[in-house]
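I opened this entry to keep track of what I looked up. The notes follow the order in which I checked things.

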Amino acid sequence: MLRFMSIVLAAISTTILSAEEPDSVKFQKIVLTDAYYCDGIQAGDINRDGHTDIVAGPFWYAGPTFKKAHEFYPAAKLPPEVSPSNSMFSFVHDFSGDGWLDILVLGRVHKHAAYWYENPGQHEAAWKKHFAFERVRGESPTLVDLHGDGHVQVICHWEGQWGWIEANETEPRRPWRFQPMGEKGDWPQFYHGEGVGDINGDGRTDLVINDGWYEQPSERNTLWKFHAQKFSTDRGGAQIFCDDVDEDGDTDVITALNGHEWGLAWFEQINVEGKRTFRQHTIMGNRSEEAQYGVAFSQPHALDLADINGDGKKDIVIGKRRWAHGPEGDVEPSAPPVVYWFERTLTKDDEVKFVPHLIDDNSGVGTQIQATDVNGDGRTDVLTASKLGSFLFLNEGAK
């Protein structure tokens, strides 16, 4: 009888542990700063010592400890209740061509010009500030090598046309130029939903926006064909990512549905009567759908795509923006500023499912989040910046 009771108790204990099984990955939180300096963050080896460093606002934090902050433009703490930031995005690249990584800083689309700061190299000299472009329109620009030739571009729109800005290869310190890719249209400066990927499988990188996608032609200096396709009937989200989510050989799309309200989804590429289109699969909805999808948080204004748990599948890293329009603006502005990763899994019926796992509930996002390995241990870490500060979450693997 005692043996029977032991078996029963063991079974009950196993059931309880299974129901409360912890997330598959744990993270160590490192606070780079608890002051508001910026809304964007990115990594790169700034001092060429073989260790990845972190750029956030006016500072770069030296790896591998990230305890020492180096100021590369004048730092000023910002009031989080308002939105004065002139550093919404940071992009790290060798723009000068001297072998040292420089830093491009993008401010608010309606207030600030784009500037890049030239790495002085081994000298303890000031970083030279170079004007890049008057304004970068669109809420989620990205730095990308569109043509695969080592020359990078920033996706944006200007004077009614989508396209890109880029530096002059032979004279990189001159102001950048805008290259249009499509016909003129009426695109708001605060446009939500931008990304890149090879939608049609021709090996060329296309531009994907919330209203459709621009097909990169085989020949340079010709207009890109626009294919209308709504990826959100709401406002549109933030960064858009392209990946073969269901592993059927074509490119699907992942995006938030409204960067200031609710929603996250992936869009399955399908063929309907010979026409390419996309079918929405919701990953996260609004508060009334929290039980259905496992979590709900508003203002998903920054996301990235990376393999968090090392299973070879790209997961979603995303969070809640903190006070995008102040403590009284948008939806649930003072709800916990969370950061999550959504694990890509398969159900027993081989259907794709994204399972939410909490990373942190007291940091949130601004407009840029990055998932990358910063300490060289082979695991994907998470970097985020918000009105609560700048943060690093070191991936420590399975709990």
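I counted salt bridges and got 13, taking a salt bridge as a side-chain nitrogen of Lys or Arg within 4 Å of a carboxyl oxygen of Asp or Glu. The model is predicted, so local features need pLDDT of at least 70 and side-chain atom pairs count only at pLDDT 80 or more, while totals for chains, interfaces and linings use all residues. Residues are numbered from 1 along each chain as its sequence is written, and side-chain values use heavy atoms, with hydrogens and water left out.

I looked up Asp-149 and found its salt bridge with Arg-220, where the closest N and O atoms are 3.0 Å apart. Asp-149 is in the loop between strand 10 and strand 11 and Arg-220 in the loop between strand 16 (212–215) and strand 17 (225–228), so this pair ties together parts 71 residues apart in sequence. Strands are DSSP runs of E with at least two residues, numbered from the N terminus. For exposure I used relative accessible area: buried is under 20%, exposed is over 50%, and partly exposed is in between (1.4 Å probe, protein chains only). Asp-149 is partly exposed at 40%, and Arg-220 is partly exposed at 49%.

Next I took Arg-344, which forms a salt bridge with Asp-243, the closest N and O atoms being 2.9 Å apart. This pair links distant parts of the chain, with Arg-344 in strand 24 (residues 339–346) and Asp-243 in strand 18, 101 residues apart. Are these two buried or exposed? Arg-344 is buried at 3%, and Asp-243 is buried at 17%.

I then searched for disulfides, meaning a pair of cysteine sulfur atoms within 2.5 Å, and found zero. Cys-242 is in no disulfide, and the nearest cysteine sulfur, that of Cys-156, is 18 Å away. Cys-242 is buried, with a relative accessible area of 17%. Cys-38 is buried at 0%.

I turned to an open sheet of four strands, in the order 10-11-12-13 with antiparallel pairing. Strand 10 (143–144) and strand 13 (177–180) are at the edges with a single partner strand each, so one side of each has no neighbour in the sheet. Two strands pair if DSSP finds at least two bridges between them. Strand 10 and strand 11 (residues 153–158) are joined by two bridges, and Val-144 has Gln-153 of strand 11 as its bridge partner.

Which residues have the most contacts inside the largest nonpolar core? They are Leu-104, Leu-106, Val-136, Val-154, Ile-165 and Trp-176, in a core of 19 residues. Such a core is a set of buried Ala, Val, Leu, Ile, Met, Phe, Trp, Tyr and Cys residues joined through side-chain atoms within 4.5 Å. Strand 11 gives the most to this core, with three residues. Val-154 touches, among others, Leu-104, Pro-141, Gly-163 and Trp-176, not counting residues up to four places away in sequence; contact means heavy atoms within 4.5 Å.

Last, I checked the backbone. A cis peptide bond joins Gly-63 and Pro-64, with omega about 10°, and Pro-64 is in the loop between strand 4 (59–61) and strand 5 (69–71). Glu-273 has a positive phi of about 55° although it is not a glycine. Glu-273 is exposed at 82%.
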